[in-house]
Amino acid sequence: MCALKVLIAPTDNEEAMTSKIAPNATPNRQSLQNAVDYHLEVTLAKTSQSAEPEDYHLALALALREPVIRAMNATEARVRQAGAKQVHYLSMEFLIGRLLANNLRNLGLYDTCAEVAADMGMSLADVLETECDPALGNGGLGRLAACFLDSLASLSYPGYGYGINYQFGLFRQTFMNGFQREQPDNWAVHGTPWHIERREQSSMIPIYGRLEGDLDFDGQYNPHWLDWNSLIGVPADIPVVGYGGKCVNFLRLYTARAPAEFDMAIFNDGDYLRAMERQVAVETVSKVLYPSDSAEAGRELRFIQEYFFVACAMRDIFRRHHAAGHRLEDFGRYNAIQLNDTHPALAVVELMRTLVDEQSVSWDAAWEITRQTMAYTNHTLLPEALERWPAVMFERVLPRHLEIVYEINRRFLSEVAIRHPGDDARLQRMSIVQEQPDKQIRMAHLAIVGSHSVNGVAQMHSELVKSQLVPDFYDLWPGRFNNKTNGVTPRRWLLNCNHRLAALISEALGSGWIADLSQLIRLEPLAADAAFRLAFRNVKLQNKADLARRTRAVTGVTVDANSMFDVQIKRIHEYKRQLLNALHIMHLYCRITEDGCPLPTPKTFIFSGKAAPGYVLAKLIIKLINNIARVVNADSRANQSLRVVFYPDYKVSVAELIVPAADLSEQISTAGYEASGTGNMKLAMNGALTIGTLDGANVEIARDVGSDNIYIFGLTAQQVIERRLLGNAAREVYEANPHVRRVITRLTDGTFSSEDRNLFVPIVNALLDQGDFYMHLSDFADYAQKHELATRDFCDVENWSARAIVNVARSAHFSSDRTIREYAREIWDLQQVV
Amino acid sequence: MLLEDVPEGDCLVVSLREKRLDAVIAASFKEALVQRIEQGQRNIVLDMSEVSFMDSSGLGAVVSVMKHLGHKGRLHICGVTPGVMAVLKLTRMDRVLKTFASRQAAIAA
């Protein structure tokens, strides 16, 4: 990585070479060709004979770095000159995906580059395929952050991401005998051409230590933070190229390093190994991305990670604020900080500490600045996913910060007590500090108290936040709560991943839709145009053929591109109900092989997703799906009309392959559990019809595409709550529904587990004996019925195509451009800088 | 570690001629200053103008020296660079340690 960095700063001799792109010039075919030649020959020391596609990828990326960095510098200068307010998006995860193709699209250089590659005897697609996929996130939350950065830049908003430069991203998933195996994902082992290391802007971050109380010059109590250890946060920027290439923002990711001359005293004593052990321990902080849903998530390292990147970000924001010449009291006027979930909630405390301790601002003034600056996005209704940190650990790692938390809480509870005198139960519910059974710090409460805005990520979710998650806070501050329905960037999720459909749309509408997705509504009349429907179908068929080829290459399973592609791609979790999908496939298999009822049309069920390494039941569901695939695909009675594929190692690039090929989109979470979902938006935007529950953003998709163009089934969130109150409804369903009974029987009769009949007993127990918490069986019949309807409907190709086109045409609401405009207007008070 | 002593009236100005006050030299720095106090020096001006980095160990050494003097004398610090001041502010020690913009001011105070 370092070697690449050096190459970007040319020597005088290099400046003189004609191969480089002229400053401030948009690269054309010739200049791009020259730059690629230059980097191949000089930077990478390769000849056209010895260069591999990986080398071309690197040379091309390096050639693009130059105009991208110039545009980034120009953007920064414009923002500085405008004295504009900036937003800083703090997120533990940025699932950015591959960058080269996206950057080429946004720069408008994709076709030029394809020509350059062709001139060199290469296929651009092959070159792009060699790029590693930075897996710096678990799923939706991280991908949302990446979509937001794209929209901020594309809309010319001064907005920047702050996060951690994990050495190992989320694990690489493989299957061994159908079981998930986790391998390390050392994504940047060969370096990445997009990182710009900013060593000179490193920050020293103290952790651990103790407080010693004393009086200061004015006789006031003055706690000193002593005996801390140091981490050094070294930033590296990844340019974020907005559509059109004019605005280039950055994502700043921090690596933890040991201080220079770290523990030299130990080293000098000759204990080299001990010195190195401590160095490794420090650098572990940015080593690994924690999987979500993990029991390990309570560990101290995760807490330190959260503080580390928040503290680095805060120092950087202050540095830039001062460098811009702004006054301290105007901090909130020029800076907005968005907390992506509670992971960065320590920013509330760090900002208070910085203002009060380092800048000598009074508590009241500091609190006003903090609340003016901070805004919090809630992403989950799952109680177990709401972060709480043990006070004992908090104090050990951040003693001064815990003191500040206690003071924030004391003042906050006084405010509540005045509003609700004598209501001790309310105080306990709302306190930032949970006292029983162990003292813990509730990070969601801290984030809410310290922010001027609290938003959910879909209309339904935002209502549930207010009514179920934190009703006391809503009662106290109703004006603070709002909704910002998530969105996805149409650049990556339509223009780049589905270039055939993008071309078809542009042919019909022009290319204005890429920056203004509301224009897609003009496609709707074309749903009645037979020629357009045919063209649309051909696009889908080609995308499916691409996926079929890759599926065969990766999994060995042959699938028919003419079959109905039914897709469920997301993290594996009980609430997302891949198990419901699997049970239904077992049901179809039984219908074909035992009841002699063929499907109206062939179906291919495609799964992709990872289970957290410690989530035993989710991993067993993966095994079940793989076993179903093995049985179904090998059974000649069924495999002409039914195929099942589990595409391994789900990540952004895999999603970009599967999304354009989907006919039916499975969004089947238990109602009330999915905050929003964004896969549902990507798939609808690419012309898949949704089968789903009234959950998360499905509700808004249903509203926009219309009830005729979506398959809604299952219990509502309210019905789920009511059903639970009735006790174990699953057992009743089991007794009453013979199809359900048969499927449950097949789970343990060896049909899908010939190696061990007891393998799936834990699943049966969860469904029947433990009350089927996520309502698989209660929703089964309706799900199967809607599936049957969808499958029949798919046979009417003309009508299906028309409805798919309507889904695309009405997807404008789900552009992250719309979401970002709402954040900018209603939360950040942010202006575009053009 | 290089320390340079310059008597100024009843003060002893001690200049730390190092770029870093960290774990490598913290113990010997503290020992050297305590030795001067034990020898009867009560008014010490510590000139840190060459120190651009101070870590927790370095800060601990300065705090120890200050405590060793207690109410018997005074420790004034001058030449505080931005890097050192950042650490003092971070730990709130800027409200306990007396810092001065110049050597003359530190002596005169």
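Here is a short chat about this predicted model, its domains, its chain contact and a few of its helices and strands.

Q: Hi! What kind of model is this, and how are residues numbered?
A: This is a predicted model, in which local features need pLDDT of at least 70, side-chain atom pairs count only at pLDDT 80 or more, and totals for chains, interfaces and linings use all residues. Residues are numbered from 1 along each chain as its sequence is written, while chains are lettered from A and ligands numbered from 1 in the order in which they are written.

Q: How many residues are in contact between domain 2 and domain 3 of chain A?
A: On the domain 2 side 41 residues are in contact with 34 residues of domain 3. Contact here means that the C-beta atoms of two residues, placed from the backbone, lie within 7 Å.

Q: Which element gives the largest share of the domain 2 side that touches domain 3?
A: That is α8(A), with five residues. Helices (H or I, at least four residues) and strands (E, at least two) are DSSP runs, numbered from the N terminus.

Q: What does α8(A) pack against, and at what angle?
A: α8(A) packs with helix α35 (residues 816–828) of chain A at about 75°, the axes being 9 Å apart. Axes are lines fitted to C-alpha atoms, for helices over the stretch in contact, and angles run from 0 to 180 degrees between N-to-C directions. The two helices, α8(A) and α35(A), are therefore roughly perpendicular; that label covers 65 to 115 degrees, with under 35 roughly parallel, over 145 roughly antiparallel and the rest oblique.

Q: Which residues make that contact?
A: Among them are Cys147(A) and Phe148(A) from α8(A), and Ser816(A) and Ile820(A) from α35(A).

Q: Switching topic: how many residues of chain A are in contact with chain B?
A: In chain A, 21 residues are in contact with 15 residues of chain B. β8(A) gives the most to the chain A side, with five residues.

Q: And how does that side divide by class?
A: The chain A side that touches chain B has nine nonpolar, five polar and seven charged residues. Ala, Val, Leu, Ile, Met, Phe, Trp, Tyr, Cys and Pro count as nonpolar, Asp, Glu, Lys and Arg as charged, and the others, Gly among them, as polar.

Q: Is Leu624(A) buried or exposed?
A: Leu624(A) is buried, because 23 other C-beta atoms lie within 10 Å. The cut-offs are 20 or more for buried, 12 or fewer for exposed and in between for partly exposed, with C-beta atoms placed from the backbone. Leu624(A) sits in helix α25 (residues 616–634) of chain A. Leaving aside neighbours within four places in sequence, its contacts are Ala582(A), Phe752(A), Phe760(A) and Ile763(A).

Q: What about strands? Which ones pair with β12(A)?
A: Strand β11 (residues 335–340) of chain A pairs with β12(A) in the parallel sense over four bridges, and three bridges join β12(A) to strand β16 (residues 453–456) of chain A, also parallel. Two strands pair if DSSP finds at least two bridges between them.

Q: Which residues of β12(A) are buried on each side?
A: Met374(A) and Tyr376(A) are buried on one side, and Ala375(A) and Thr377(A) on the other.
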